[in-house]
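Hi everyone, thanks for coming. Please have the sequence and the 3D view open while I talk, and we'll walk through the side chains together.

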Amino acid sequence: MNARTGIRVVVTGATGNVGTSVVRALAGREEVGSVLGLARREPGLRLPGVEWAAVDLSQDGDGPRLDRYVADADAVVHLAWRFQPTHDPVKTWRTNVLGTLRVCEAVAAARVPALVCASSVGAYSPGPGSGAPVSEAWPTHGWPGAAYSREKAYLERVLDAFERDHPQTRVVRMRPAFLFKEEAASEQRRIFAGRFLPGQLVRPDLLPLLPEPAGLRFQVLHTDDAADAYARAVLRDVRGAFNLAAEPVVDAALLGELFDARPVRVPAGAVRGALAAAWHLRLAPASPGLFDLLRHLPVMSTERAREELDWRPEASAVEALEAFLRGVRSGAGDDTAPLAGRRVA
(Lines give C-alpha, C1' and ligand atoms only; values in the text may rest on other atoms or scores of the structure.)
Protein backbone atom coordinates (compact mmCIF):
# COMPACT_ATOMS: atom_id res chain seq x y z
CA MET A 1 0.00 0.00 0.00
CA ASN A 2 2.79 2.42 0.88
CA ALA A 3 6.32 2.54 2.19
CA ARG A 4 5.30 3.21 5.78
CA THR A 5 6.39 0.86 8.52
CA GLY A 6 4.44 0.24 11.66
CA ILE A 7 1.64 -1.88 13.03
CA ARG A 8 -1.24 -3.24 10.97
CA VAL A 9 -4.72 -2.44 12.28
CA VAL A 10 -7.99 -3.98 11.08
CA VAL A 11 -11.19 -2.01 11.75
CA THR A 12 -14.65 -3.55 11.45
CA GLY A 13 -17.63 -1.30 10.82
CA ALA A 14 -15.19 1.11 9.22
CA THR A 15 -17.68 3.00 7.03
CA GLY A 16 -20.03 4.29 9.73
CA ASN A 17 -20.07 7.30 12.03
CA VAL A 18 -17.30 6.03 14.32
CA GLY A 19 -15.47 3.89 11.78
CA THR A 20 -14.71 6.68 9.31
CA SER A 21 -13.24 8.78 12.10
CA VAL A 22 -11.26 5.89 13.57
CA VAL A 23 -9.60 4.89 10.30
CA ARG A 24 -8.65 8.53 9.72
CA ALA A 25 -7.24 8.83 13.24
CA LEU A 26 -5.22 5.63 12.91
CA ALA A 27 -3.90 6.44 9.43
CA GLY A 28 -2.65 9.74 10.80
CA ARG A 29 -0.46 8.08 13.45
CA GLU A 30 3.15 7.46 12.47
CA GLU A 31 3.18 4.26 14.55
CA VAL A 32 0.54 2.75 12.24
CA GLY A 33 1.82 1.27 9.00
CA SER A 34 -1.49 0.20 7.45
CA VAL A 35 -5.22 0.25 8.16
CA LEU A 36 -7.71 -2.21 6.67
CA GLY A 37 -11.32 -1.10 6.93
CA LEU A 38 -13.96 -3.84 6.82
CA ALA A 39 -17.64 -3.23 6.08
CA ARG A 40 -20.58 -4.95 4.41
CA ARG A 41 -20.03 -2.79 1.32
CA GLU A 42 -16.79 -1.24 0.15
CA PRO A 43 -17.06 2.56 0.06
CA GLY A 44 -16.12 5.09 -2.57
CA LEU A 45 -14.19 6.94 0.13
CA ARG A 46 -10.45 6.99 -0.49
CA LEU A 47 -8.07 7.83 2.35
CA PRO A 48 -4.24 7.76 2.41
CA GLY A 49 -3.00 4.71 4.28
CA VAL A 50 -6.39 2.97 4.32
CA GLU A 51 -7.50 -0.07 2.31
CA TRP A 52 -11.01 -1.52 2.22
CA ALA A 53 -12.58 -4.96 2.02
CA ALA A 54 -16.14 -6.30 2.18
CA VAL A 55 -17.15 -8.66 5.01
CA ASP A 56 -20.65 -9.25 6.39
CA LEU A 57 -20.24 -10.31 10.00
CA SER A 58 -23.84 -11.56 10.14
CA GLN A 59 -23.11 -14.28 7.57
CA ASP A 60 -21.48 -17.61 8.45
CA GLY A 61 -20.08 -17.82 4.93
CA ASP A 62 -17.97 -14.69 5.44
CA GLY A 63 -16.14 -16.21 8.42
CA PRO A 64 -13.18 -17.57 6.40
CA ARG A 65 -12.72 -14.20 4.70
CA LEU A 66 -12.71 -12.46 8.09
CA ASP A 67 -10.12 -14.96 9.35
CA ARG A 68 -7.81 -14.13 6.43
CA TYR A 69 -8.03 -10.40 6.98
CA VAL A 70 -7.38 -10.69 10.72
CA ALA A 71 -4.61 -13.29 10.43
CA ASP A 72 -1.64 -10.91 10.45
CA ALA A 73 -3.16 -7.97 12.34
CA ASP A 74 -1.38 -6.34 15.26
CA ALA A 75 -4.66 -4.93 16.53
CA VAL A 76 -8.35 -5.25 15.71
CA VAL A 77 -10.80 -2.42 16.41
CA HIS A 78 -14.33 -3.83 16.42
CA LEU A 79 -16.98 -1.20 15.70
CA ALA A 80 -19.50 -3.01 13.48
CA TRP A 81 -23.03 -2.47 14.75
CA ARG A 82 -26.53 -2.52 13.29
CA PHE A 83 -29.22 -0.28 14.81
CA GLN A 84 -31.98 -1.19 12.39
CA PRO A 85 -34.45 -2.75 11.88
CA THR A 86 -35.80 -2.24 15.40
CA HIS A 87 -38.85 -4.36 14.50
CA ASP A 88 -36.59 -7.33 13.72
CA PRO A 89 -34.29 -7.92 16.72
CA VAL A 90 -33.13 -11.24 15.27
CA LYS A 91 -31.47 -9.40 12.40
CA THR A 92 -29.66 -6.97 14.68
CA TRP A 93 -28.64 -9.86 16.96
CA ARG A 94 -27.00 -11.64 14.04
CA THR A 95 -24.76 -8.68 13.30
CA ASN A 96 -24.23 -7.25 16.75
CA VAL A 97 -23.86 -10.36 18.88
CA LEU A 98 -23.08 -13.24 16.52
CA GLY A 99 -20.86 -10.92 14.47
CA THR A 100 -18.90 -9.94 17.57
CA LEU A 101 -18.49 -13.61 18.48
CA ARG A 102 -17.04 -14.23 15.00
CA VAL A 103 -14.58 -11.36 15.47
CA CYS A 104 -13.52 -12.73 18.85
CA GLU A 105 -13.01 -16.19 17.37
CA ALA A 106 -10.89 -14.79 14.53
CA VAL A 107 -8.81 -12.71 16.95
CA ALA A 108 -8.28 -15.72 19.21
CA ALA A 109 -7.30 -18.02 16.32
CA ALA A 110 -4.77 -15.50 15.02
CA ARG A 111 -3.54 -14.61 18.52
CA VAL A 112 -3.91 -10.91 17.69
CA PRO A 113 -2.11 -8.89 20.38
CA ALA A 114 -4.88 -6.31 20.91
CA LEU A 115 -8.67 -6.14 20.56
CA VAL A 116 -10.32 -2.74 21.07
CA CYS A 117 -14.09 -3.18 21.15
CA ALA A 118 -16.90 -0.62 21.04
CA SER A 119 -19.13 -0.87 24.07
CA SER A 120 -21.37 2.03 25.11
CA VAL A 121 -22.86 4.06 27.91
CA GLY A 122 -25.93 1.99 26.99
CA ALA A 123 -24.29 -1.09 28.54
CA TYR A 124 -24.53 0.42 32.01
CA SER A 125 -27.21 -0.33 34.55
CA PRO A 126 -29.31 2.67 35.63
CA GLY A 127 -27.27 5.27 37.48
CA PRO A 128 -27.40 6.09 41.18
CA GLY A 129 -30.32 8.12 42.44
CA SER A 130 -27.95 10.91 43.40
CA GLY A 131 -26.98 11.43 39.76
CA ALA A 132 -23.29 11.24 40.68
CA PRO A 133 -20.92 10.24 37.85
CA VAL A 134 -20.07 6.55 37.68
CA SER A 135 -16.69 4.98 36.98
CA GLU A 136 -15.97 2.01 34.73
CA ALA A 137 -16.67 -0.25 37.73
CA TRP A 138 -20.41 0.50 37.60
CA PRO A 139 -22.48 -2.61 36.71
CA THR A 140 -23.05 -3.26 33.00
CA HIS A 141 -26.40 -5.04 32.97
CA GLY A 142 -28.04 -2.53 30.65
CA TRP A 143 -31.72 -1.59 30.42
CA PRO A 144 -33.74 -4.73 29.59
CA GLY A 145 -36.43 -2.92 27.60
CA ALA A 146 -34.09 -1.80 24.82
CA ALA A 147 -32.52 -4.28 22.39
CA TYR A 148 -29.52 -1.99 21.92
CA SER A 149 -28.80 -2.00 25.66
CA ARG A 150 -29.40 -5.74 26.05
CA GLU A 151 -26.97 -6.52 23.25
CA LYS A 152 -24.28 -4.20 24.59
CA ALA A 153 -24.63 -5.70 28.07
CA TYR A 154 -24.49 -9.24 26.68
CA LEU A 155 -21.28 -8.43 24.82
CA GLU A 156 -19.71 -7.16 28.02
CA ARG A 157 -20.12 -10.72 29.33
CA VAL A 158 -18.68 -12.09 26.08
CA LEU A 159 -15.59 -9.91 26.57
CA ASP A 160 -15.33 -11.05 30.21
CA ALA A 161 -15.06 -14.64 29.01
CA PHE A 162 -12.71 -13.72 26.17
CA GLU A 163 -10.32 -11.96 28.55
CA ARG A 164 -10.34 -14.97 30.86
CA ASP A 165 -9.71 -17.51 28.10
CA HIS A 166 -7.25 -15.51 25.97
CA PRO A 167 -4.90 -13.59 28.28
CA GLN A 168 -2.41 -13.20 25.43
CA THR A 169 -4.73 -10.61 23.85
CA ARG A 170 -4.98 -7.15 25.37
CA VAL A 171 -8.70 -6.29 25.49
CA VAL A 172 -9.96 -2.72 25.70
CA ARG A 173 -13.63 -1.72 25.92
CA MET A 174 -14.60 1.82 24.93
CA ARG A 175 -17.82 3.12 26.50
CA PRO A 176 -18.61 6.41 24.79
CA ALA A 177 -21.58 8.70 25.25
CA PHE A 178 -23.72 9.60 22.22
CA LEU A 179 -21.41 10.38 19.31
CA PHE A 180 -22.07 13.15 16.81
CA LYS A 181 -20.33 14.73 13.84
CA GLU A 182 -21.58 16.70 10.89
CA GLU A 183 -20.90 13.98 8.29
CA ALA A 184 -22.97 11.41 10.22
CA ALA A 185 -26.06 13.58 10.72
CA SER A 186 -28.01 12.23 7.75
CA GLU A 187 -27.43 8.64 8.86
CA GLN A 188 -28.46 9.41 12.43
CA ARG A 189 -31.60 11.21 11.30
CA ARG A 190 -32.59 8.13 9.29
CA ILE A 191 -31.83 5.77 12.19
CA PHE A 192 -33.61 7.62 14.96
CA ALA A 193 -36.14 10.01 13.38
CA GLY A 194 -36.80 8.49 9.97
CA ARG A 195 -35.79 9.53 6.48
CA PHE A 196 -38.79 11.82 5.99
CA LEU A 197 -38.06 14.34 8.76
CA PRO A 198 -37.26 17.56 6.87
CA GLY A 199 -33.85 18.70 8.03
CA GLN A 200 -34.69 22.33 7.28
CA LEU A 201 -37.31 22.21 10.05
CA VAL A 202 -34.60 21.65 12.69
CA ARG A 203 -34.14 25.38 13.16
CA PRO A 204 -34.36 27.53 16.31
CA ASP A 205 -36.82 30.00 14.78
CA LEU A 206 -39.30 27.18 14.10
CA LEU A 207 -39.11 25.67 17.59
CA PRO A 208 -40.20 28.29 20.17
CA LEU A 209 -41.08 25.61 22.76
CA LEU A 210 -38.99 22.55 23.57
CA PRO A 211 -40.75 19.57 25.17
CA GLU A 212 -38.80 18.47 28.25
CA PRO A 213 -39.37 14.99 29.70
CA ALA A 214 -38.77 15.18 33.44
CA GLY A 215 -35.22 14.41 34.54
CA LEU A 216 -33.67 14.22 31.08
CA ARG A 217 -29.86 14.34 31.31
CA PHE A 218 -27.31 12.71 29.00
CA GLN A 219 -23.77 13.05 27.67
CA VAL A 220 -22.44 13.50 24.16
CA LEU A 221 -19.06 13.58 22.42
CA HIS A 222 -17.77 14.57 19.01
CA THR A 223 -17.01 11.42 17.04
CA ASP A 224 -13.51 12.63 16.12
CA ASP A 225 -12.65 12.94 19.81
CA ALA A 226 -13.86 9.39 20.40
CA ALA A 227 -11.70 8.25 17.47
CA ASP A 228 -8.66 9.87 19.06
CA ALA A 229 -9.31 7.82 22.21
CA TYR A 230 -9.61 4.63 20.14
CA ALA A 231 -6.28 5.32 18.45
CA ARG A 232 -4.63 5.94 21.81
CA ALA A 233 -6.05 2.66 23.14
CA VAL A 234 -4.59 0.80 20.15
CA LEU A 235 -1.14 2.29 20.65
CA ARG A 236 -0.83 2.28 24.45
CA ASP A 237 -0.39 -0.70 26.73
CA VAL A 238 -3.77 -0.38 28.44
CA ARG A 239 -6.54 -2.82 29.23
CA GLY A 240 -10.10 -2.69 30.44
CA ALA A 241 -12.89 -0.16 30.01
CA PHE A 242 -12.78 3.57 29.33
CA ASN A 243 -15.66 6.01 29.62
CA LEU A 244 -15.68 8.75 26.96
CA ALA A 245 -17.75 11.94 27.12
CA ALA A 246 -17.42 15.70 26.80
CA GLU A 247 -18.54 18.48 29.10
CA PRO A 248 -21.08 19.77 29.90
CA VAL A 249 -23.79 17.21 30.64
CA VAL A 250 -26.75 17.91 28.35
CA ASP A 251 -30.06 18.79 29.99
CA ALA A 252 -33.22 20.66 29.05
CA ALA A 253 -31.72 24.06 29.88
CA LEU A 254 -28.76 23.48 27.57
CA LEU A 255 -31.00 22.21 24.75
CA GLY A 256 -33.21 25.24 25.23
CA GLU A 257 -30.21 27.54 24.76
CA LEU A 258 -29.06 25.56 21.74
CA PHE A 259 -32.46 25.86 20.03
CA ASP A 260 -33.24 29.29 21.46
CA ALA A 261 -36.43 27.73 22.79
CA ARG A 262 -38.20 27.62 26.14
CA PRO A 263 -38.23 24.16 27.76
CA VAL A 264 -41.74 23.00 28.67
CA ARG A 265 -42.05 20.14 31.15
CA VAL A 266 -44.11 17.24 29.79
CA PRO A 267 -44.87 13.89 31.45
CA ALA A 268 -42.41 11.21 30.40
CA GLY A 269 -45.32 8.79 30.02
CA ALA A 270 -46.97 11.00 27.43
CA VAL A 271 -43.77 11.25 25.40
CA ARG A 272 -43.25 7.52 25.57
CA GLY A 273 -46.83 6.86 24.53
CA ALA A 274 -46.48 9.05 21.46
CA LEU A 275 -43.19 7.39 20.51
CA ALA A 276 -44.65 3.92 21.05
CA ALA A 277 -47.62 4.71 18.81
CA ALA A 278 -45.37 6.09 16.06
CA TRP A 279 -43.07 3.07 16.31
CA HIS A 280 -45.87 0.50 16.17
CA LEU A 281 -47.33 2.29 13.15
CA ARG A 282 -43.83 2.27 11.60
CA LEU A 283 -43.84 6.05 11.37
CA ALA A 284 -40.70 6.33 13.48
CA PRO A 285 -37.76 3.90 13.50
CA ALA A 286 -36.65 4.43 17.13
CA SER A 287 -38.39 2.13 19.60
CA PRO A 288 -39.92 3.40 22.86
CA GLY A 289 -37.36 1.23 24.66
CA LEU A 290 -34.63 3.62 23.51
CA PHE A 291 -36.48 6.48 25.20
CA ASP A 292 -36.65 4.44 28.41
CA LEU A 293 -32.92 3.76 28.13
CA LEU A 294 -32.15 7.45 27.63
CA ARG A 295 -34.02 8.33 30.84
CA HIS A 296 -32.05 5.80 32.91
CA LEU A 297 -28.49 6.29 31.65
CA PRO A 298 -25.90 7.19 34.25
CA VAL A 299 -23.57 10.16 33.93
CA MET A 300 -20.06 8.84 33.36
CA SER A 301 -16.77 9.93 34.86
CA THR A 302 -13.98 10.12 32.25
CA GLU A 303 -11.14 10.33 34.76
CA ARG A 304 -9.56 7.03 33.71
CA ALA A 305 -9.35 8.00 30.03
CA ARG A 306 -7.83 11.34 30.97
CA GLU A 307 -5.20 9.73 33.20
CA GLU A 308 -4.26 6.53 31.34
CA LEU A 309 -4.85 7.60 27.73
CA ASP A 310 -3.85 11.23 28.31
CA TRP A 311 -7.07 12.02 26.46
CA ARG A 312 -8.97 15.29 26.38
CA PRO A 313 -11.86 16.01 24.02
CA GLU A 314 -11.22 19.02 21.81
CA ALA A 315 -14.91 19.74 21.20
CA SER A 316 -17.40 20.50 23.93
CA ALA A 317 -20.76 18.75 24.14
CA VAL A 318 -22.38 21.89 22.72
CA GLU A 319 -19.99 21.94 19.76
CA ALA A 320 -20.71 18.26 19.05
CA LEU A 321 -24.45 18.94 19.02
CA GLU A 322 -23.98 22.01 16.84
CA ALA A 323 -22.04 19.90 14.32
CA PHE A 324 -24.88 17.38 14.24
CA LEU A 325 -27.51 20.07 13.71
CA ARG A 326 -25.51 21.63 10.87
CA GLY A 327 -25.35 18.24 9.22
CA VAL A 328 -29.08 17.61 9.62
CA ARG A 329 -29.97 20.96 8.09
CA SER A 330 -27.57 20.62 5.16
CA GLY A 331 -27.96 16.88 4.52
CA ALA A 332 -24.25 16.32 5.13
CA GLY A 333 -22.69 12.91 4.55
CA ASP A 334 -19.61 11.01 3.45
CA ASP A 335 -18.80 8.69 0.56
CA THR A 336 -19.88 5.48 2.28
CA ALA A 337 -23.20 3.63 2.18
CA PRO A 338 -24.12 4.33 5.85
CA LEU A 339 -23.16 8.01 5.74
CA ALA A 340 -24.57 8.94 2.34
CA GLY A 341 -26.02 12.46 2.59
CA ARG A 342 -29.69 12.59 1.72
CA ARG A 343 -31.26 15.94 2.12
CA VAL A 344 -35.02 16.00 2.60
CA ALA A 345 -36.07 19.65 2.21
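Let's start with two phenylalanines: Phe 180 and Phe 324 are both buried, where buried means under 20% relative accessible area, exposed means over 50%, and partly exposed is in between, using a 1.4 Å probe and protein chains only. Before I go on, a word on what you're looking at. This is a predicted model, in which local features need pLDDT of at least 70, side-chain atom pairs count only at pLDDT 80 or more, and totals for chains, interfaces and linings use all residues. Residues are numbered from 1 along each chain as its sequence is written, and side-chain values use heavy atoms, with hydrogens and water left out.

Now, the aromatic rings. How many aromatic pairs does a search of the whole structure find? The search finds five. For a pair, the rings of Phe, Tyr and Trp (its six-membered ring) must have centres within 6.5 Å; planes under 30 degrees apart count as stacked, over 60 as edge-to-face, and the rest as tilted.

One of the pairs is Trp 81 with Tyr 148, which is edge-to-face, at 5.7 Å centre to centre and 80° between the planes. Trp 81 sits in the loop between strand 4 (75-78) and helix 3 (89-110), while Tyr 148 is in helix 4, so this pair ties together parts that are 67 residues apart in sequence. When I say helix or strand, I mean DSSP runs numbered from the N terminus: helices are H or I with at least four residues, strands are E with at least two. Is Trp 81 buried or exposed? Trp 81 is buried, because its relative accessible area is 18%.

Back to our opening two: Phe 180 and Phe 324 form a tilted aromatic pair, 4.9 Å centre to centre with 45° between the planes. That pair links distant parts of the chain, with Phe 180 in strand 7 (residues 178-180) and Phe 324 in helix 11 (residues 317-330), 144 residues apart.

Together with Phe 83 and Tyr 148, Trp 81 forms one aromatic cluster. Lys 152 lies over the face of Trp 81, at 3.8 Å from the ring centre. Elsewhere, Arg 304 lies over the face of Phe 242, at 4.0 Å from the ring centre. A charge counts as over a ring if NZ of Lys or CZ of Arg is within 6 Å of the ring centre and within 35 degrees of the ring normal.

On to salt bridges. Side chains of opposite charge can pair when their charged atoms come close. The rule here is a side-chain nitrogen of Lys or Arg within 4 Å of a carboxyl oxygen of Asp or Glu, and by this rule the count comes to 14 salt bridges.

Take Arg 8 and Asp 72, whose side chains meet in a salt bridge at 2.7 Å, N to O. Arg 8 is in strand 1 (residues 7-12) and Asp 72 in the loop between helix 2 (63-70) and strand 4, so the two tie together parts 64 residues apart in sequence. Arg 8 counts as buried, at 18% relative accessibility, whereas Asp 72 is partly exposed at 49%.

Another one joins Glu 156 and Arg 175, at 2.9 Å, N to O. Here helix 4 holds Glu 156 and strand 6 (residues 170-176) holds Arg 175, so the pair ties together parts 19 residues apart in sequence. Glu 156 is buried at 1% relative accessibility, and Arg 175 is buried too, at 4%. Both belong to a network of salt bridges that links Glu 156, Arg 157, Asp 160, Glu 163, Arg 173 and Arg 175.

What about cysteines? A disulfide is a pair of cysteine sulfur atoms within 2.5 Å, and the search of the whole structure finds zero. For Cys 104, the nearest cysteine sulfur is that of Cys 117, 6.3 Å away. Cys 104 is buried at 6% relative accessible area, and Cys 117 is buried at 3%.

Last, the backbone. The peptide bond from Glu 247 to Pro 248 is cis, with omega near -5°, and Pro 248 is in the loop between strand 11 (240-244) and strand 12 (250-251). Arg 111 has a positive phi, near 50°, in a residue other than glycine. You'll find Arg 111 in the loop between helix 3 and strand 5 (114-118).
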